[in-house]
Amino acid sequence: MKRIFGIFKVKVEERWAAFLMLVYVVLLNSLVVYKYLDRFSQLATDYHKVFVGTFHISGFDPLSYEVVSDWDTAYNIYRHPLLAFFMFIPNQINQGLMLLTGRNCAPFVVAALLVFCGFYSFLFLYRLLREVIVLPQFDSLLLSAMLFSFAYVMVSVSVPDHFALSMFMLLLTLYVAGKKMKRKIRFTKWQTLLFFLLTAGISLNNGIKVFMANAFTNGRRFWHPANLLLAIVLPSALLWGLARLEWNHYERPSFEARQQAKTTKAAREHAQLARVFRDTTRLKDSMAIESAIKQLIKKKAYAKYLADHKQPWNAHKGQPIAKGEFSQWTDITTPRLPSVVENLFGESIQLHQDHLLQDTLRERPQIVTYRYAFNYIVEGLVVLLFLCGIWCGRHARLMWLALSFWAFDMLIHVVLGFGLNEVYIMGAHWLCTLPIIMAYFFKTLMRHLALLHLVRIVTLALTGFLLAWNFMLYAGYLVG
């Protein structure tokens with residue numbers, strides 16, 4: 001147990017950088033807490049209405065505030081199967097604070113969790129660059145700082161959603177896998193099971209990345225029947241079974257109640273519409289009256305259908321491949337190239353000034369362009385560093401593992417279109433791999449010091465610009 005928790009000990013070399021990162025994430029969370037504290041610290045009977053109706057930072061959902069205030073499985077169970085249970089202890093802490101203070105301390109409890117995840121995400125990335133890839137301390141700090149200058153890393157570590165938790169677990173997975181690759185030891189079955197339940201429990205799609213870590217670390221041994229059965233099949237079946245049990249026990253009763261309420265409401269509205277029509281119509285034939293009522297109901301339903309499709313929450317979500325349980329999350333109509341330029345490598349990394357941090361399912365257009373050409377130059381330089389890292393690290397197994405994490409997200413977001421209309425809010429899932437891949441470019445340039453110094457200057461300038469640009473816009477939004 002001491003060895004497990006020893007990973008959280010801050011080393012002497014890390015102390016000053018760790019202190020500055022701690023100040024940084026505390027500041028970001030303080031700004032978010034400050035913006036909503038007067039409303040969110042009040043006790044209430046319907047916390048969902050309080051938080052969801054009030055919180056507006058991009059497309060992030062404040063469900064963690066709701067669950068920590070009044071425990072429930074508020075998250076989508078199939079996408080976040082165990083996240084509500086992971087929030088049970090924070091909920092109990094908040095219940096105690098409520099009794100002591102008479103106020104809802106959920107914003108502070110969630111902020112503490114986000115500070116922890118942001119702080120150790122920085123340390124795990126730094127250690128991976130420093131100990132596994134073996135970069136100099138300056139380069140390791142520079143690339144670690146660059147990650148936290150990215151817009152939607154900055155935002156993710158300070159909003160009450162699950163993305164900071166996911167980034168923490170993904171970087172921990174990469175760090176542990178990298179250490180094992182370096183020492184030439186295997187990712188054990190129990191470690192894979194534990195990492196999978198934690199990572200996939202937070203966000204199901206990220207559980208696949210734990211299996212990737214097992215495959216890249218264990219090599220051919222990944223295909224051994226015992227590993228496939230105990231490290232891959234068993235945890236997958238276990239999590240799926242838990243998700244089904246959770247849905248049947250918690251969600252199904254409320255789902256059926258909502259469906260029944262919709263049916264009852266529709267029947268009541270139709271009865272009222274029919275009653276008004278009968279009182280005002282000049283028709284005498286009963287069959288003609290019933291036919292006219294049916295046509296009136298259809299006309300009203302069609303008018304609502306047209307009105308709904310003009311709303312941003314419908315118009316901006318794209319056309320799915322099919323209407324199935326999971327295929328409904330796909331998107332085949334949102335334009336790919338503009339989304340990659342303006343959202344994937346755009347908004348995720350540097351905020352747009354126009355429609356700043358608006359929700360695309362409320363008022364933000366799907367595609368927003370930058371006002372200035374230099375924003376596209378910054379984006380191009382970041383992508384260039386990323387591509388150079390891929391080329392220089394093409395012989396490194398860890399680089400391919402990090403790239404596979406990134407490629408998996410590109411598959412589900414860009415190819416299948418899951419969340420493509422607001423892909424930037426999921427940036428913390430894949431932005432954390434960019435500095436790791438860039439690190440191989442830096443490592444290759446250690447044999448060419450003049451060029452290395454130039455790349456360091458460019459990267460330092462990019463990091464400084466992104467930090468200033470994103471922080472000023474984000475802080476201005478929060479305090480404005």
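Contact is taken here to mean heavy atoms within 4.5 Å. The structure is a predicted model, in which local features need pLDDT of at least 70 and side-chain atom pairs count only at pLDDT 80 or more, whereas totals for chains, interfaces and linings use all residues. Residues are numbered from 1 along each chain as its sequence is written, and side-chain values use heavy atoms, with hydrogens and water left out.

Helices are DSSP runs (H or I, at least four residues) numbered from the N terminus, and one of them, H20, spans residues 434-444. Nine of the eleven residues of H20 are buried (under 20% relative accessible area, with a 1.4 Å probe and protein chains only), so this helix is largely enclosed by the rest of the structure. The buried residues of H20 are Leu434, Pro435, Ile436, Ile437, Met438, Ala439, Tyr440, Phe441 and Phe442. Lys443, which is placed in H20, is instead partly exposed (between the 20% limit for buried and the 50% above which a residue is exposed), its relative accessible area being 36%. When residues up to four places away in sequence are not counted, Lys443 touches Ile133 and Leu135. Lys443 and Leu387 are 56 residues apart in sequence, and their C-alpha atoms are 14 Å apart in space.

Apart from its neighbours within four places in sequence, Ile57 is in contact with Val32, Tyr36, Val155, Val159, Leu357, Tyr474, Tyr477 and Leu478.

Two or more residues of the nonpolar patch are given by each of helix H1 (2-5), helix H5 (83-86) and helix H11 (189-202), and H11 provides the largest share, three residues. Leu194, found in H11, is partly exposed, with a relative accessible area of 39%.

Gln366 lies in the loop between helix H16 (336-347) and helix H17 (373-392). Gln366 is buried, with a relative accessible area of 19%, and its side chain makes a polar contact with the side chain of Thr334 at 3.2 Å. A polar contact is a pair of N or O atoms within 3.5 Å, of which, within protein, one must be able to donate a hydrogen and the other to accept it, and residues adjacent in sequence count only if both atoms are side-chain atoms.
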